[in-house]
Amino acid sequence: MKIRSDILRTYQSIHTWTGITTGLLLFIAFFAGALTMFKSPITQWAVPENHVLPAISPGQYDALVQQATAQFETASNGFTLHFAPHQSLMHHSPMTWYEQGGGRGLSIDNHLRQASFNEEGELVSVANQQNVLGDLIDQLHRTAGIPGKADHEDIGVLVLGVASALYFIALVSGVIFLLPTLVKSFFSLRQKKGANRFWLDTHNLIGITSLPFHLLIAWTVVVFAFHDMLYGGLSLIYGDEPMFERNGGSKQVYSVAELPPVERYFEAVRDMADGYDIVSLSFADLTTPRARLSIEVAGDGKLQRTAETDIIAMHPFTLDVTYSTLSIPENGAFGPLVKSFFALHFGNFANDTGRWIYFLLGMMGAILFYTGNLLWLEKRRQKQAKQSSSVTIMAKLTIGVCLGSVLGVATSILASKWLYLVGVDINPGYINVYYGVFIVSLGFAFWQGAAKSAIALQALIAATCLGVPLTTLIMWWTESEIQWQIASSTLMVDVFALIFAWVFYSLMKKTYHRAYYGGRESIWYVGQRDDAHQAASGHSEWVNK
Amino acid sequence: MARLSAEEKIQPHWWTKSLAGAVLGLTFAFAVVGIFAWYGPGGIQAPNKVQFNMWMISPVWLLILSFSFLFRTGMRAVLVLSAANLIAWATFLLLRYSL
């Protein structure tokens, strides 16, 4: 396809600028986002076995509610019931409530009380700090680790919203200036033509093959970040027309003893939504006129509104439905349409197959941004040993930020079980470990330079990832006071840590070769080693042309 | 393709084009979505349509912003997008207050 050269040049500049300003943020968001596809197994992996009480049969829930609310003042206002089979995957006991904290949003200091029956049918309960490892990874995904709040919105979310608008432009401009050569070099992955060409082919191949995914992500993130402002603008267009229905509902005050049996909720959900399982029932403000029940339902292979479920809100005593995200006639044609936008961001519509595909797309996205930065560096570097400061600073940032955040997450996961054993507050522990490792990695990259720190950080990531399954093994073998759940989903976490260890070890070896035996003009060149004769023996693919 | 003279080629004018695309593109997107909201399928009261409308603003806006750099000059971007706004908003207001 022929396109005027001035258009190509214009869009090449746009692609460069939008890409280089957002690449690092988007790398973190995509890498962490890929992990959030498995945030339940990761959290399950981290929660000590004795923090989760045994499952009970469906018929026992009514007795559990009555006994627990009678015994615990804090439960009588609101609690959540978790049902099999989702309950064990979501690492919950049959009944939970907050003794401290709770409410909307992520809190690292929620104290959760959990209740169930033991084998003798007696009420048992434990209280502990709720482990939010998966939610913290989700937070990293949504904010790129930028802390702080403006009003009620995370600053990081707003920053990523702006970055996503630029990323949308980067996608459009990337496609435009790729069009002339697209047909010729689409599926070529030229490894022998120098590292630069290899990075470029990888970057283009990933960008084009996952373009619909990327356009969708860019769009949804802009909406997630700025929906309040967009609704604000829309309110001018709506004028006096109300934008949202208000459902009044009953204002009568009931007592917990008047709650209908749990079976009634199951019947109500069966009537509304065929093919859905109840994941949980969350009761709130039960003793006030604002009594609410929020039901999480999971559908096999259905487009769902939240990351893993759909929601039905009803009055807990009258069972009047006030709101639902189901694709039912009441929600019209637009409800399901809007829901599909959410579902396509969350990747929740094809069970585990879908999650794996989204995991891969997310990781490929991270590679897209990483290679984008490498290409920028290769293009700007001088054909000489001494480089301009913009190139060296960007190289250090790329290594420090990208590898630093990967190492931070890996270290937090590795530290998890040891933090429990030492008795550290678990959630603040995760946060301190992540930011500590991230900042030290960044500092290390600036101190030692991009080439050396890339080798060291990749080696550390490999070692840390290897430590994750080793920890599981050690804890399983030794008689420590805390034991952890071992299930196929938690073993998956260990297996994947092992795969990551191997990947980063291989990358580290390649980086090492390039640093010591590669082209002297490369920004990744460190110096000649004494055993330099190896340089002649076939590592020429890493020599930059 | 004939060779273009320097004036015929796209001028950079980054700031004017970016601002025109960002601001006028957004106001245009609101007008288009406004017309859709009131007079598109289902009318203003269709259930959950307000959410769909909110979702549609950003893709219209971002596409206009992305292609604003195709204008030959920044001034042209401002003029064309202003005219588009004028037409879209006039249509919206006419429909809204004369029907």
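This is a predicted model: local features need pLDDT of at least 70, side-chain atom pairs count only at pLDDT 80 or more; totals for chains, interfaces and linings use all residues.
Biologist: How are two packed helices described?

Modeller: Two packed helices are described by the angle between their axes and the distance between the axes. Take helix α13 (residues 426–448) and helix α14 (residues 450–477) of chain A: their axes come within 7 Å and cross at roughly 140 degrees. Angles over 145 degrees would count as roughly antiparallel, so α13(A) and α14(A) are oblique to each other. Their crossing is right-handed.

Biologist: Which residues make the contact between α13(A) and α14(A)?

Modeller: From α13(A) come Ser441(A), Phe444(A), Ala445(A) and Gln448(A), while α14(A) brings Ala450(A), Lys452(A), Ser453(A) and Leu457(A). By class, that contact has four nonpolar, three polar and one charged residues.

Biologist: Nice. Now the cores: which residues have the most contacts inside the largest nonpolar core?

Modeller: They are Phe27(A), Phe168(A), Ile461(A) and Ala29(B), in a core of 130 residues. Helix α12 (residues 389–422) of chain A gives the most to this core, with 15 residues. A second, separate core has 31 residues, including Met95(A) and Phe283(A).

Biologist: And what is Ala29(B) in contact with, leaving aside its neighbours within four places in sequence?

Modeller: Its partners are Ile57(B), Val60(B), Trp61(B) and Ile64(B).

Biologist: How many residues of chain B are in contact with chain A?

Modeller: There are 27 in chain B, facing 31 residues of chain A. Both α1 (14–39) and α2 (49–67) of chain B supply at least two residues each to that side, and α2(B) gives the most, with 13 residues. By class, the side of chain B that touches chain A has 18 nonpolar, seven polar and two charged residues.

Terms used: Residues are numbered from 1 along each chain as its sequence is written. Chains are lettered from A and ligands numbered from 1 in the order in which they are written. A nonpolar core is a set of buried Ala, Val, Leu, Ile, Met, Phe, Trp, Tyr and Cys residues joined through C-beta atoms within 7 Å. A residue is buried if 20 or more other C-beta atoms lie within 10 Å of its own, exposed if 12 or fewer, and partly exposed in between; C-beta atoms are placed from the backbone. Helices (H or I, at least four residues) and strands (E, at least two) are DSSP runs, numbered from the N terminus. Two residues are in contact if their C-beta atoms, placed from the backbone, lie within 7 Å. Ala, Val, Leu, Ile, Met, Phe, Trp, Tyr, Cys and Pro count as nonpolar, Asp, Glu, Lys and Arg as charged, and the others, Gly among them, as polar. Axes are lines fitted to C-alpha atoms, for helices over the stretch in contact, and angles run from 0 to 180 degrees between N-to-C directions. Angles under 35 degrees count as roughly parallel, over 145 as roughly antiparallel, 65 to 115 as roughly perpendicular and the rest as oblique. A crossing is left-handed if the near helix is turned anticlockwise from the far one by less than a right angle, and right-handed if clockwise.
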